[in-house]
4 protein chains.
Amino acid sequence: MIKAAIFGASGYTGQELTRILLGHPEVELVAVTSRRFAGKTVSDVFPALRELITLKYQNATPAQICKICDVVFLALPHGVSMEIAPEFIKAGKKVVDLSADYRLKDLKVYESWYVKHSSAKFIKEAVYGIPELYRRQIKKSKLIANPGCYPTSIILGLAPALSKNLLDVSTIIADSASGVSGAGREPLIGSLFCEVDGGFKAYKVGKHRHLPEIEQELNALAGKKFAVSFTPHLLPVKRGILSTIYAKLKKDVSLGELHSLYISFYGGEKFIRICPEGAYPNISSVCGSNYCDIGLALDSRTKRVIILAAIDNLIKGAAGQAVQNMNIICGFEEGAGLKIAPLYP
Amino acid sequence: MIKAAIFGASGYTGQELTRILLGHPEVELVAVTSRRFAGKTVSDVFPALRELITLKYQNATPAQICKICDVVFLALPHGVSMEIAPEFIKAGKKVVDLSADYRLKDLKVYESWYVKHSSAKFIKEAVYGIPELYRRQIKKSKLIANPGCYPTSIILGLAPALSKNLLDVSTIIADSASGVSGAGREPLIGSLFCEVDGGFKAYKVGKHRHLPEIEQELNALAGKKFAVSFTPHLLPVKRGILSTIYAKLKKDVSLGELHSLYISFYGGEKFIRICPEGAYPNISSVCGSNYCDIGLALDSRTKRVIILAAIDNLIKGAAGQAVQNMNIICGFEEGAGLKIAPLYP
Amino acid sequence: MIKAAIFGASGYTGQELTRILLGHPEVELVAVTSRRFAGKTVSDVFPALRELITLKYQNATPAQICKICDVVFLALPHGVSMEIAPEFIKAGKKVVDLSADYRLKDLKVYESWYVKHSSAKFIKEAVYGIPELYRRQIKKSKLIANPGCYPTSIILGLAPALSKNLLDVSTIIADSASGVSGAGREPLIGSLFCEVDGGFKAYKVGKHRHLPEIEQELNALAGKKFAVSFTPHLLPVKRGILSTIYAKLKKDVSLGELHSLYISFYGGEKFIRICPEGAYPNISSVCGSNYCDIGLALDSRTKRVIILAAIDNLIKGAAGQAVQNMNIICGFEEGAGLKIAPLYP
Amino acid sequence: MIKAAIFGASGYTGQELTRILLGHPEVELVAVTSRRFAGKTVSDVFPALRELITLKYQNATPAQICKICDVVFLALPHGVSMEIAPEFIKAGKKVVDLSADYRLKDLKVYESWYVKHSSAKFIKEAVYGIPELYRRQIKKSKLIANPGCYPTSIILGLAPALSKNLLDVSTIIADSASGVSGAGREPLIGSLFCEVDGGFKAYKVGKHRHLPEIEQELNALAGKKFAVSFTPHLLPVKRGILSTIYAKLKKDVSLGELHSLYISFYGGEKFIRICPEGAYPNISSVCGSNYCDIGLALDSRTKRVIILAAIDNLIKGAAGQAVQNMNIICGFEEGAGLKIAPLYP
């Protein structure tokens with residue numbers, strides 16, 4: 001049993017991490033921090049967890065937490081992680097950072113989309129934590145930059161096709177839709193039930209902060225530099241992201257060939273499920289699980305491939321992938337604590 | 001006061017027509033038909049309309065209805081309208097057909113996507129009923145092919161840009177999402193609350209029957225032949241369609257110029273609202289109204305324009321537009337009966 | 001045309017008043033106030049109203065507004081209305097107050113449930129604004145205490161039975177459920193989409209501030225003093241209240257007799273609809289309208305009557321009833337501006 | 001490992017059983033039957049289970065299934081179970097019947113609410129499967145009549161108070177609300193998304209088939225005969241039942257005493273959680289779990305206790321409780337396979 005702590009545990013991602021770690025066979029959750037709810041028990045704030053946990057939220061310093069844990073999850077806003085992480089890194093602890101702070105390898109890009117970085121020297125130690133693509137590097141790392149939710153769905157959706165050089169990369173468009181939990185638990189007018197229910201809209205069109213992260217990883221996969229169009233939308237659901245990804249094919253491939261490619265690329269991956277030909281993923285079929293479901297369509301009239309990738313934004317898009325990464329860096333079975341079937345309906 | 005009848009009035013579109021016509025200052029609703037609910041009052045089937053209407057659903061023949069009305073709305077499935085419409089057309093009645101039966105000018109295209117046509121000779125008399133584009137022709141017609149819901153949003157969204165020849169038409173992608181009422185009131189497993197709530201998925205990718213209709217109209221606007229990609233999605237909401245439309249620009253235009261173009265193209269149109277720069281439409285802001293809200297974004301890095309168009313699929317996407325067309329062919333004020341503000345929240 | 005103003009127009013109730021008054025044939029809306037959104041146009045805050053209104057929110061004083069309007073609606077929190085109303089009352093303006101400040105006739109009761117009252121002397125001038133019960137008094141008044149949403153449904157549901165002395169009043173229980181818009185547009189964690197969607201819970205059991213108001217009116221109807229149990233619940237819907245009301249019958253009545261009583265009690269009331277025997281109201285069938293739908297059941301085994309009353313909390317439970325009251329005090333047709341059919345589905 | 005089969009596995013309850021049994025450490029799921037989907041894989045019908053199960057639905061006879069399993073779950077409609085169960089009972093298999101067929105001990109009552117019984121002689125062998133109340137009897141039984149969803153919430157909510165004789169039983173009212181999955185996966189108009197979303201209504205007031213079951217068990221707990229009022233409502237959520245239960249107290253008890261009684265009555269029960277004083281359960285806090293959360297309020301003015309009990313209707317109200325019962329009759333740890341934390345948000 002290793003000892004784990006969660007820094008910033010009172011948001012939706014922190015709560016999801018808490019829930020998953022409570023059921024993890026190899027982990028003892030020893031501390032959860034929260035400024036806002038310091039002194040309250042977790043189950044005061046999240047009654048769903050009543051009798052599953054007795055911990056209280058603490059307003060603790062990194063130094064205090066560092067002493068008692070082997071691995072720490074940082075479920076903090078960008079700009080805050082960079083202040084907290086160094087203490088743990090220097091102490092040799094394993095760190096899974098769920099913020100954007102160590103995801104972008106180019107400091108200038110980071111600073112142009114986010115804020116000035118206060119611990120940039122650690123960026124090069126970080127591994128971008130998509131196990132299906134970077135498992136070997138993750139295994140050797142102690143600092144995981146856990147991917148953003150939108151990027152996870154888009155990168156996993158495109159990786160096989162890009163790796164085979166099938167796409168005209170100048171034509172890639174990712175049209176994505178996310179559930180409201182992606183906006184966190186901050187009390188904002190835009191996240192109120194009455195503002196969201198019955199609605200659907202795009203936001204930050206072409207300007208979402210996940211864009212540089214998406215491009216960094218897609219460029220790496222393709223081995224060249226290019227820009228993509230990315231349009232996020234807000235769905236009236238609690239959990240789930242569906243990315244509908246368009247690109248022109250550079251060569252003729254049949255749907256069967258494409259399908260085989262995806263199945264072989266992800267052969268053996270326990271958290272990737274390729275839909276049968278003609279079937280497309282639904283976010284409600286991955287809800288509550290660490291799965292990424294991928295569907296494929298060919299539009300032969302326009303020579304486009306349409307790739308559909310669905311995840312639970314709080315799990316494969318955040319807390320679940322973080323635990324998957326922890327499992328790898330700690331040498332546990334990769335699916336430990338994550339064998340939760342989707343909750344349907 | 002003219003006398004109107006609705007053929008096939010017990011689905012969601014028929015009910016919406018009923019509701020709108022009941023509040024129309026120039027119309028007396030004289031008959032509503034339904035096979036399934038024949039003999040029941042409308043308010044037995046739709047308690048929301050209790051005390052607003054005393055009519056019963058009839059299982060009447062076209063000949064019977066033809067005798068008592070001046071204008072008829074056909075809210076029937078495709079393949080059925082084509083059997084019912086001729087009686088009314090021959091009798092010189094005004095017909096607004098909400099099915100697909102007279103929308104496609106090319107009979108072969110119709111028959112390859114739908115069924116064999118039994119009254120194809122009337123296709124050439126039909127006008128495709130988007131008033132903002134074909135007002136003059138509608139005025140002179142007696143047979144309106146009322147547009148599909150997805151096509152309405154996509155055509156209205158693209159018309160200004162296409163008419164100015166701004167787009168590389170080979171790059172057009174329409175990524176759309178619709179509320180469940182678009183699937184009608186048939187009791188299908190796929191439309192059950194438990195199947196839809198919390199979910200989001202694409203369906204009929206590249207194969208939806210609205211595709212030939214979209215292409216027919218976009219080709220006409222652009223004055224040339226081309227194919228588009230169209231991906232419909234199912235939203236867990238009752239009403240509303242949002243289309244997110246992508247295309248590469250052929251020339252450099254600023255967002256301001258594009259915005260001005262749209263405002264001037266639709267100047268004076270009472271049912272088109274162009275969002276201010278930087279704002280995007282939300283389906284919940286058009287819900288219950290005949291508005292089409294359009295927002296614009298430029299992705300300068302990829303030279304793409306992203307056009308967002310939102311409608312209430314049952315109103316501007318069906319019953320409202322049908323009444324707007326009726327107003328035109330009957331010489332009423334175009335907005336009569338349609339001055340309903342959106343219901344928000 | 002009279003000139004109307006709304007004080008506190010940027011919450012959901014204020015917005016709904018705005019929407020209704022914009023469609024009112026006898027009213028010119030001349031001012032809307034909001035501290036938070038002062039300087040913004042209404043449609044910046046509520047894009048649904050774009051092109052329907054050009055007014056900006058003002059941070060105006062009562063004196064400023066008083067000069068320009070004939071009637072004022074106060075859509076303010078309790079404790080604030082009492083500060084604003086006097087200026088208008090003294091100037092002889094017609095005032096419809098949507099807060100609780102003038103609803104409770106017993107000052108001590110008010111102050112024990114709310115706050116110290118600063119303009120208590122006006123309480124006796126106020127009429128409790130349920131037109132179906134107090135139309136005559138409303139007609140003569142200039143200060144309307146517009147009822148709470150829960151009380152409206154419960155009082156209208158019980159009035160016929162109480163007026164006929166049918167019930168053992170010691171057994172009355174009102175079990176109610178409300179949509180989230182009842183909590184207003186304040187950004188509170190408890191009103192977030194993720195906290196509400198998929199949930200259902202009771203709150204403030206036996207302690208909700210609407211309780212004294214409910215008891216005041218039920219006691220008046222019965223002509224005696226008694227307490228009731230009232231349990232509000234939060235529904236994952238935007239609009240709507242359903243009250244399920246239980247009471248033991250003092251005498252044997254058949255369902256048919258009860259039904260006839262309700263129909264005759266509310267005969268001629270245009271906003272009350274009694275469901276046919278065996279049918280029960282659904283909040284979605286009154287959504288968007290000023291209707292109160294009432295259904296009746298008899299549980300002969302337990303000698304209980306179960307009364308079900310549904311309203312749209314923002315309309316018959318707030319803004320619609322306020323306009324109905326305004327129509328009465330201004331001598332307009334009582335349904336003016338309120339002839340909006342429910343929006344279904 | 002024991003071998004389990006599910007008869008009628010393609011409805012929501014059957015699917016939930018499938019999901020739970022797949023994660024059960026002591027169970028091998030060997031067969032799932034379905035007439036409608038015979039020949040299809042489970043994951044064709046429920047893509048959420050893709051890669052978790054390879055079984056196909058069979059249209060098998062009881063005799064065929066009987067040969068291959070040790071325990072069978074009947075997730076069938078009432079009237080069908082009674083035809084299927086005898087084969088298994090006679091063969092000495094353990095049977096958990098989720099229908100109503102063996103729940104009512106009084107055959108006449110069963111036949112007056114349901115249909116003629118074809119295997120009534122087995123009724124006396126059946127134990128009503130609420131483990132918290134009948135654990136000892138369940139342990140010795142081979143035929144479990146798994147309780148209805150509404151009854152589970154109401155019986156668990158009232159058991160402590162009734163067992164202590166605190167209540168005037170003539171005053172008991174159970175006002176309940178259920179998510180739509182309770183209506184099953186049949187394609188009915190009333191279960192369509194557009195009919196349910198945004199709505200809330202009572203149905204079968206005083207006439208629901210769960211009433212005799214509720215009364216049988218409450219009467220047994222109280223040791224006397226009495227009738228209760230029960231009003232079910234339909235909630236626009238997928239899962240969850242909240243019962244708000246009212247009764248007059250026969251003696252003065254403080255909330256603290258009541259609270260202590262409930263905590264001590266359910267001391268050691270791993271699936272019952274008593275909310276802290278002043279807190280009430282929310283169905284979203286039990287969603288996905290086998291918990292029953294209970295909250296308590298005292299209305300001292302009316303001498304009523306208000307008991308609030310929340311469950312996930314598909315789990316503690318059906319499949320989870322069935323597995324809990326199976327665990328007991330098979331001698332497994334009672335929580336085996338059921339240690340799933342609620343999924344929140």
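Good morning. I begin with A100(B), a residue in the loop that joins β5 (94–97) to α5 (107–113) in chain B. Helices (H or I, at least four residues) and strands (E, at least two) are here DSSP runs, numbered from the N terminus. The model is a predicted one, in which local features need pLDDT of at least 70 and side-chain atom pairs count only at pLDDT 80 or more, whereas totals for chains, interfaces and linings use all residues. Residues are numbered from 1 along each chain as its sequence is written, while chains are lettered from A and ligands numbered from 1 in the order in which they are written.

Is A100(B) buried or exposed? A100(B) counts as buried because it has 24 C-beta neighbours inside 10 Å. A residue is buried if 20 or more other C-beta atoms lie within 10 Å of its own, exposed if 12 or fewer, and partly exposed in between, with C-beta atoms placed from the backbone. Leaving aside residues up to four places away in sequence, A100(B) touches H78(B), Y114(B), G148(B), R209(B) and E213(B). Contact requires that the C-beta atoms of two residues, placed from the backbone, lie within 7 Å. K40(B) is 60 residues from A100(B) in sequence, and the two are 28 Å apart in space, C-alpha to C-alpha.

I turn now to chain D. Of the 12 residues in its strand β8 (residues 167–178), 10 are buried. Strands pair if DSSP finds at least two bridges between them. With strand β11 (residues 241–249), β8(D) pairs in the antiparallel sense over 8 bridges, and D175(D) stands opposite T244(D). With strand β10 (residues 229–234), β8(D) pairs in the parallel sense over 6 bridges; here A177(D) has H233(D) as its bridge partner.

Next, the sheet of chain C. Its 7 strands form an open sheet of mixed pairing, in the order β9-β10-β8-β11-β14-β13-β12. β9 (201–202) and β12 (272–274) of chain C are the edge strands, each pairing on one side only. Strands β13 (residues 292–299) and β14 (residues 304–311) of chain C pair in the antiparallel sense over 8 bridges, and D299(C) is bridged to R304(C).

Finally, the copies. Chain C can be laid on chain A with an RMSD of 0.0 Å by a turn of 180° and a shift of 0.0 Å along the axis. That is the relation of a two-fold axis. Superposition is by least squares on the C-alpha atoms of residues with pLDDT of at least 70 in both copies. Because 100% of the interface residues of chain C are also interface residues in chain A, the copies meet through the same surface. Thank you.
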